[in-house]
Amino acid sequence: MPTDEISIPIIICILLIILFLAFGSALFHIWEEWDLVSAGYFCFITLSTVGFGDMVPVKSFLGYTESLYGKFQMVVCVTYCMIGLAKLATAM
């Protein structure tokens, strides 16, 4: 019997979350010079909407007025957070 529901296996949702968090961890590890555990902690806390505020991406927003690369970093950081919030909320 056809339905409008699409069934997605839970393992795919978990893998997508892990991959997205790993991408963000690597990104903030490079840009903010945090260790990987701290970058992963920041990504998970930010994307799960807890947002303690104990870690903030400062270097990603420093040069946004002076250089094109600074603007690129800011746009990528904000876009990562927006897409990540939606993706993590949908997967959970």
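I began with the order of elements. From the N terminus on, I read α-α-α-α. That is four helices and zero strands. Helices here are DSSP runs of H or I with at least four residues, strands are runs of E with at least two, and numbering starts at the N terminus.

I noted the ground rules next. This is a predicted model, in which local features need pLDDT of at least 70, side-chain atom pairs count only at pLDDT 80 or more, and totals for chains, interfaces and linings use all residues. Residues are numbered from 1 along each chain as its sequence is written, and side-chain values use heavy atoms, with hydrogens and water left out.

Overall form. I looked up the extent of the C-alpha trace, and along its principal axes it spans about 60 × 25 × 20 Å. I then looked up how much of the chain is buried. Buried residues make up 30% of the 92 residues. Buried means under 20% relative accessible area, exposed means over 50%, and partly exposed is in between, with a 1.4 Å probe and protein chains only. I also checked contacts, meaning heavy atoms within 4.5 Å. Of the contacts with a separation of 6 or more, 48% join residues 24 or more positions apart.

The core. Which residues have the most contacts inside the largest nonpolar core? I found L21, F28, W34, F42, C43, L47 and Y80, in a core of 14 residues. The elements that give two or more residues to this core are α1 (10–31), α2 (36–47) and α4 (68–91). A nonpolar core is a set of buried Ala, Val, Leu, Ile, Met, Phe, Trp, Tyr and Cys residues joined through side-chain atoms within 4.5 Å. I wrote a general remark beside this: in soluble globular proteins, nonpolar side chains tend to be buried together.

Helix α4. I compared its length with expectation. At 1.5 Å a residue, its 24 residues should span 34 Å, and the end C-alpha atoms are 34 Å apart, which agrees. The expected span is 1.5 Å times one less than the number of residues. At the N-terminal end I found a cap: a side-chain oxygen of S67 lies 3.0 Å from the backbone nitrogen of G70. The buried residues of α4 are G70, Q73, C77, Y80, C81, G84 and L88. They pack against α1, α2 and α3 (59–62).

I also looked at A89, which is found in α4. A89 counts as exposed at 55% relative accessibility. Its C-alpha atom is 12 Å from that of L16, 73 residues apart along the chain.

Y80 and its rings. Y80 is buried, with a relative accessible area of 5%. Leaving aside neighbours within four places in sequence, Y80 is in contact with F20, L21, F23, G24, F28, C43 and L47. I then searched the whole structure for aromatic pairs and found nine. One of them joins F23 and Y80: it is tilted, 6.2 Å centre to centre, with 50° between the planes. F23 lies in α1 and Y80 in α4, so the pair ties together parts that are 57 residues apart in sequence. Rings of Phe, Tyr and Trp (its six-membered ring) pair if their centres lie within 6.5 Å; planes under 30 degrees apart count as stacked, over 60 as edge-to-face and the rest as tilted. Is F23 buried, partly exposed or exposed? F23 is partly exposed, at 47%. Ring pairs link F20, F23, F28, W34, F42 and Y80 into a cluster.

F42 sits in α2 and is buried, at 6%. Beyond four places in sequence, F42 is in contact with F28, W34, M55, V56 and P57. S25 is in α1 and counts as buried, at 10%. Beyond four places, S25 is in contact with L36, A39, G40 and C43. The C-alpha atoms of F42 and S25 are separated by 8.0 Å.

Two loop residues. E33 has a positive phi of about 60° although it is not a glycine. E33 lies in the loop between α1 and α2 and is exposed, at 61%. T49 also has a positive phi of about 60° and is not a glycine. T49 lies in the loop between α2 and α3 and counts as exposed, at 62%.

Technical notes
A polar contact is a pair of N or O atoms within 3.5 Å; within protein, one must be able to donate a hydrogen and the other to accept it, and residues adjacent in sequence count only if both atoms are side-chain atoms.
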